[in-house]
Amino acid sequence: MALQQTVERTVAGLGYDLVEIERSAGGLLRVTIDLPWSGPTSDGAPEAFVTVEDCEKVTRQLQFALEVEAVDYKRLEVSSPGIDRPLRNEQDFERFAGEVIDITLKAPMGAAAGGQVAANRKKFRGTLERVAGADGSRGWQIVWSQEPEGKAAPKPGQKISRKRAPAPKQALGFALDELREARLAPIVDFKGRRPKSDAEASE
């Protein structure tokens with residue numbers, strides 16, 4: 001059985017989602033797992049995250065499964081997704097709508113750029129939004145602010161004058177099959193990506 005199938009079957013059998021498999025130099029096999037997502041919670045409860053115990057449980061089961069399938073590797077590392085978590089499918093995009101993401105297109109913008117961005121540009125960062133087409137279809141776009149050419153964007157934490165005109169918004173619509181890669185933008189937010197519940201805030 002192929003490595004991908006073995007890992008997918010084992011991880012799913014334990015009740016987790018497989019996010020990514022990477023083989024690195026030196027025989028390292030890195031497996032990234034996450035908890036299944038069943039949609040936004042109605043009570044506003046914070047999202048649960050993978051724990052060290054989860055990783056240990058998956059590691060033990062994978063070691064056994066990989067030995068049975070005679071998969072060649074030197075070291076196994078099981079971890080939770082980092083701040084640059086990959087987005088692989090429709091459910092991932094639904095889950096992280098409203099977050100800042102990085103996308104890489106399979107092909108450069110070309111004529112579709114219309115002079116708004118460089119025609120050879122393939123990489124973009126913006127806030128992920130769900131959009132509805134005129135025909136009722138649903139798609140995705142990212143939105144970002146772009147300063148006029150020659151004008152520097154304010155640095156993080158920099159105080160902005162009220163007189164300063166906000167940078168115009170840009171939007172890029174896309175289909176998932178147009179993407180080479182999509183990931184959460186690795187932006188460190190010391191307050192956390194999600195708002196704390198009342199219980200957490202009072203601790």
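Trainee: Is Arg-95 buried or exposed?
Mentor: Buried means under 20% relative accessible area, exposed over 50%, and partly exposed in between (1.4 Å probe, protein chains only). Arg-95 has a relative accessible area of 9%, so Arg-95 is buried. Keep in mind that this is a predicted model, where local features need pLDDT of at least 70, side-chain atom pairs count only at pLDDT 80 or more, and totals for chains, interfaces and linings use all residues. Residues are numbered from 1 along each chain as its sequence is written, and side-chain values use heavy atoms, with hydrogens and water left out.

Trainee: Which residue does Arg-95 form a salt bridge with?
Mentor: A salt bridge here is a side-chain nitrogen of Lys or Arg within 4 Å of a carboxyl oxygen of Asp or Glu. The partner of Arg-95 is Asp-34, with the closest N and O atoms 3.1 Å apart. Arg-95 sits in helix α3 (residues 90-95) and Asp-34 in strand β2 (residues 28-34), 61 residues apart, so the pair links distant parts of the chain. Helices (H or I, at least four residues) and strands (E, at least two) are DSSP runs, numbered from the N terminus. Asp-34 is buried too, at 4% relative accessibility.

Trainee: How many salt bridges are there by this rule?
Mentor: Twelve. Another one joins Asp-92 to Arg-88, with 3.0 Å between the closest N and O atoms. Asp-92 is buried at 3%, while Arg-88 is partly exposed at 37%. Through shared partners, salt bridges join Asp-34, Arg-85, Arg-88, Asp-92 and Arg-95 into one network.
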